[in-house]
Each structure stands twice: as structure tokens, then as C-alpha cells.
Amino acid sequence: MLALRPVQLTDLPQLQQLARDSLVGVTSLPDDTERLREKILDSCDSFESDVRSPGGENYFFVLQDLVSGHLAGCSEILASTGCNEPFYSLRNRPFSSESRELNIHHGVPALSLCQDLNGQTLLRGFHIDAERVRTPASELLSRARLMFIAAHPQRFAESVITEIVGFSSEDGQSPFWDAIGQHFFDLPYVEAERLCGLQSRTFLAELMPQYPIYVPMLPAAAQACIGRVHPDGQEAFDILEREGFETNSYVDIFDGGPTLHARIANIRSITQSRVAVARQSAQIDARGRYLVSNDSLLNYRAIVAELDLDAEGAVALSPDMLAALGITDGERVRVVAL
């Protein structure tokens, strides 16, 4: 059985292996021991903090096989962007020009560096083992974060965003980066993303052009990257799209990947999840597959389970399920259909 839980310092060696295997562009999972250690300790502090409103807290989760102890994936929630450093994006909107004498009104798509998305809750750091891609484990790894938000709403903003990794070739070339960022840093795309993971995106973003970049002036290959999802990032995109997330007019500053956005009130795993009483049962007449979590903070756990929900708000769970969730008979759980 797989269970999602908060990260621990003892996870460091396995996390570093996950970082080595992660997709280029997932800068929140750097392949660096000290940086990962800092992230783990920062997450532990976030879970232990008495939070009344969202700030710079980062909640780091791992997906663990409870039999082998193997970590199959990880994901994160940054409570509010822009608290510890500016959150930069490229706004993709037309730049309008007009000539009354010629009776011409023209809009040219343009990319402008901005901090419009400061103050949003950010989902990031999604990575799962290749053999578990497009399985219920992926749903658990992504959506259990949303159930955590549902259980602790005071810790998060009213809207949630995520940046999906943009297109790059198998050899790590990004046409979008080559057309824009390469001219300002003289760094290959892979190296720029690596530096962002180790340090901060801010120092690179501040060297990006401060004036609008007219899209028609970019090479065709770079234009085709705007809002394009890397094939290995498609699952993360699809899961959140089913949750009610939508693309907006913002893209990633380095690879042009799309940004997804949703209001808390429109996210399926938040609005459709319901609280039920757990009842221990040796036999379960399973009628469907569900995500199940406790509503704990420090001891948060979430699993996928075959269940039968009754109309009275009780849910039968096996002893193994109760143990995986860290709860006992009669305690509350949060449940949403897979």
C-alpha cells in the first residue's frame, strides 16, 4: 500500500535519487544534498508552525510504499508566492496599437515580465516513479495535497496556481530559452534550471528583459513552445485540469510552459470531499475507489482505497487502511471519489 505523508529528514537519501530522476524544469527538486536538507527542515518547520494566514510556508510530501519503505514520489505546496522572494512570470497578452488616420487597430501578442501571481498558493515539485505514471498513485500524489488544503484552509490562499514544465527536447534543448534567455545569460537551458533549483529564480529573472517581447518576432520554434506542455508533464496537467484548473495568460519565464489556475471554491477534491467516520471492518463491500485522508497536520496521511460509503457518513476501513492513515476506529476521515 502507498501512503502520502509529510517529508522527514531520514528521507534525504531517497529524495536525492528522486531528484536525479526528475524532469528538467522541476527546479523545486534540486539534486543537491544540502539544498534538499534545507527544504526538508523548512517543511518540518512549516508543519509545526501555528499559522493563521498563508505566508512563506512550504509543505513537502512524499509517497511511500509502506511495505518496502521505498519513496515512489514527492510533491509540495508553497502556501503563498512572493513572501520570501518575488514570483516572476511572463504575461502573454496583446499589445494594442492604433492609427485613426489609417483606420487600423492592431493587437500584437507580447510577453511581459511581471509579478502578477504573487500571493497565490503554489503546487510544485510533482515527481513520481516512471512505473507508476498514469496509475492511481499519481492521483494520490497530486490530489492529496488539495485534500490537505481542504483540511487546513487558513494556511492557504483563496486561489491556487501551478506551473507545468514546458517543452524541451530529449537532449535538453528548449527553443523558448534559446530564443530569449540564452541571449541574457549565455547559459544552456539545463544549466539555468539547475542554478534555479540550487539558488533562486530571482537572480536570473531580474536579468530578463524588462520590456515586452513581441511574440511574432520570435523564431517559429520558440512561438510553438508558448503554453506547450512537456510530454512528461502532461499527466500532472491532466490531473489538475480534471480538478477544475484552467490555463490563463501566464507562462514560465524560462521554458514557456503553461500556468494553471483555480479558485479554491472550484477545485473538485476540495469542494466534493466529505468528512466521514471511520469504522473498522474485516470485510469491505467495495463499490468504488476513493482517496482517503485524515485531517491531521503533523501526522497527515492519505491513501487510495476501495470502499463502500453509506449515506449516514460512515466508511468501513480495514485494519491495514486504518494503520496506513494513522487513525483508530471512530476517528474522522476525508473522502473523495478517485
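Start with Y59: setting aside neighbours within four places in sequence, Y59 is in contact with S43, S46, F47, V51, S75, E76, I77, A79, F148, R155 and F156, where contact means heavy atoms within 4.5 Å. Keep in mind that this is a predicted model, in which local features need pLDDT of at least 70, side-chain atom pairs count only at pLDDT 80 or more, and totals for chains, interfaces and linings use all residues. Residues are numbered from 1 along each chain as its sequence is written, and side-chain values use heavy atoms, with hydrogens and water left out.

Y59 also turns up in the largest nonpolar core, which has 40 residues; Y59, L63, F148 and F245 have the most contacts inside it. Such a core is a set of buried Ala, Val, Leu, Ile, Met, Phe, Trp, Tyr and Cys residues joined through side-chain atoms within 4.5 Å, and buried means under 20% relative accessible area, with a 1.4 Å probe and protein chains only. The elements giving two or more residues to this core include β1 (2-6), β2 (58-65) and α3 (136-151). Helices (H or I, at least four residues) and strands (E, at least two) are DSSP runs, numbered from the N terminus. The most comes from α3, with nine residues. Apart from this core lies another, of 22 residues, among them Y88, L111, L113 and V251.

Now look at β1. Five of its five residues are buried, so β1 is largely enclosed by the rest of the structure. β1 pairs with β2 in the antiparallel sense over five bridges; strands count as paired if DSSP finds at least two bridges between them. Across that pairing, P6 stands opposite F61 in β2.

Technical notes:
Buried < 20%, exposed > 50% of the residue type's maximum accessible area, 1.4 Å probe, protein only.
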